[in-house]
Amino acid sequence: MTATADDRADVLHKAGLDGQNRTTLGRMLGTGDVGYAEEGDDGVMRATVTIPEDQLIFSPSIIVFPHGGDIELTIINDDKNTHCALLPHNGDPKIIWLVNHSKGTARLNLDGPGAYWYGSTTGNDEGRGLTAALVMGGEVPDSAKLDRPPQPRP
């Protein structure tokens with residue numbers, strides 16, 4: 001049986017994949033909710049992520065951005081434990097250290113389309129499900145396109 005979008009939550013719950021310490025030790029990647037960034041008048045795309053108490057998940061687990069560029073990501077740690085976020089960024093990655101019940105903001109630049117993964121590298125947080133994705137839509141810059149004939153697209 002394949003789950004449809006309408007019954008996805010029910011199927012994940014029945015399979016024990018919607019929380020930690022059920023079918024698997026941790027939370028399965030991609031089982032959380034999806035959020036969308038908002039683009040400000042200044043061209044910066046902004047999103048807020050929360051680490052809910054005792055769930056070891058970034059919520060939303062996937063954030064969709066309309067295109068590549070500058071983003072401002074705010075992460076709120078509502079958990080009783082200390083976590084961090086090792087974030088992708090053009091150049092060196094950035095890290096936010098989040099003691100319990102704290103908040104941090106990172107300014108990132110992700111200029112190309114694609115899925116950029118991040119997670120909490122403390123303890124075994126990533127192995128237990130504290131991972132998420134920033135998904136950048138849009139097209140690659142002209143300077144990055146290959147010199148070849150147009151390819152078919154779905």
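N77 is found in strand 5, where strands are DSSP runs of E with at least two residues, numbered from the N terminus. This is a predicted model, in which local features need pLDDT of at least 70 and side-chain atom pairs count only at pLDDT 80 or more, while totals for chains, interfaces and linings use all residues. Residues are numbered from 1 along each chain as its sequence is written, and side-chain values use heavy atoms, with hydrogens and water left out.

At 0% relative accessibility, N77 counts as buried, a term that means under 20% relative accessible area, with exposed being over 50% and partly exposed in between (1.4 Å probe, protein chains only). A polar atom of the N77 side chain lies 3.2 Å from the backbone oxygen of V99.

Strand 5 and strand 8 pair in the antiparallel sense over 9 bridges, and one of the bridge partners is N109 in strand 8, which pairs with D70. The covered face of strand 8 holds S102, G104, A106, L108 and L110, whereas K103, T105, R107 and N109 lie on the uncovered one.

The largest nonpolar core has 24 residues, of which F58, F65, L73, I75, L87, Y118 and L134 touch the most other members; such a core is a set of buried Ala, Val, Leu, Ile, Met, Phe, Trp, Tyr and Cys residues joined through side-chain atoms within 4.5 Å. Strand 3 gives the most to this core, with 4 residues.

A search of the whole structure finds 4 salt bridges, each being a side-chain nitrogen of Lys or Arg within 4 Å of a carboxyl oxygen of Asp or Glu. R46 forms one with D42, the closest N and O atoms being 2.8 Å apart, and another with E72, at 3.4 Å between the closest N and O atoms. Because E72 lies in strand 5 and R46 in strand 3, this pair ties together parts that are 26 residues apart in sequence. The side chains of E72 and R107 also meet in a salt bridge (3.9 Å, N to O). Through shared partners, salt bridges join D42, R46, E72 and R107 into one network.

Definitions and conventions:
Two strands pair if DSSP finds at least two bridges between them. A polar contact is a pair of N or O atoms within 3.5 Å; within protein, one must be able to donate a hydrogen and the other to accept it, and residues adjacent in sequence count only if both atoms are side-chain atoms.
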